[in-house]
Amino acid sequence: MSSFEGMFAPPASEGDDKAMSEINTTPLVDVMLVLLIVFMITIPVITHTVPVELPKVRNEATKTAPENINISVNKDGQIYWNQSLVPDTAALLERLKGAAVIKPQPEVHVRADQATRYEYVGRVILTAQRAGIQKVGFITEPGAQSR
């Protein structure tokens, strides 16, 4: 036999006829370790360890204080200070500047008609911001209660 044939020939052994009967458990162990880590992380999140009773939500109507300023905007863009018509945003700015220096500063509540363009309400908010008003809120009608 030449040396060339010996290079490619399989080595002769007595147990070539036997099939490999062992199971490789390394991938199984890897998968089990990954699952163990995943369960160790997620189980504490799922279980609630501290029993608490959450507060019930109730929406209370706004209590209008006499010092609050009510600004109404109708669908045509006309601005009302409490019940009196304000001719333009410059006059509104002057009135809001006067109210901004009062201690404690009054809140401004904006009531706008549902059909009012956003532009008109935006002008009122911008004017209040330029005057230095800290608290501006929107007044809405309460909707139907859902159960």
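How many salt bridges does the count come to by the rule used here? The count comes to two salt bridges, a salt bridge being a side-chain nitrogen of Lys or Arg within 4 Å of a carboxyl oxygen of Asp or Glu. The views below show a predicted model, in which local features need pLDDT of at least 70 and side-chain atom pairs count only at pLDDT 80 or more, while totals for chains, interfaces and linings use all residues. Residues are numbered from 1 along each chain as its sequence is written, and side-chain values use heavy atoms, with hydrogens and water left out.

**View A. Salt bridges around Glu119.** Glu119 forms a salt bridge with Arg117, their closest N and O atoms lying 2.7 Å apart, and another salt bridge links Glu119 to Arg123, where the closest N and O atoms are 2.4 Å apart. Arg123 and Glu119 both belong to helix H4 (residues 118-131), four residues apart, which is about one turn of the helix; helices here are DSSP runs of H or I with at least four residues, and strands are runs of E with at least two, numbered from the N terminus. Salt bridges that share partners join Arg117, Glu119 and Arg123 into one network. Glu119 is partly exposed, with a relative accessible area of 33%, and Arg123 is also partly exposed, at 41% (buried means under 20% relative accessible area, exposed over 50%, partly exposed in between, with a 1.4 Å probe and protein chains only).

**View B. Ser72 in strand S1.** Ser72 lies in strand S1 (residues 69-73) and counts as buried, at 16% relative accessibility. Leaving aside its neighbours within four places in sequence, Ser72 is in contact (heavy atoms within 4.5 Å) with Gln78, Ile79, Tyr80 and Arg111. Of these residues, Tyr80 is the bridge partner of Ser72 in S2, and S1 runs antiparallel to strand S2 (residues 79-81), to which three bridges join it.

Notes
Pairing = 2+ DSSP bridges.
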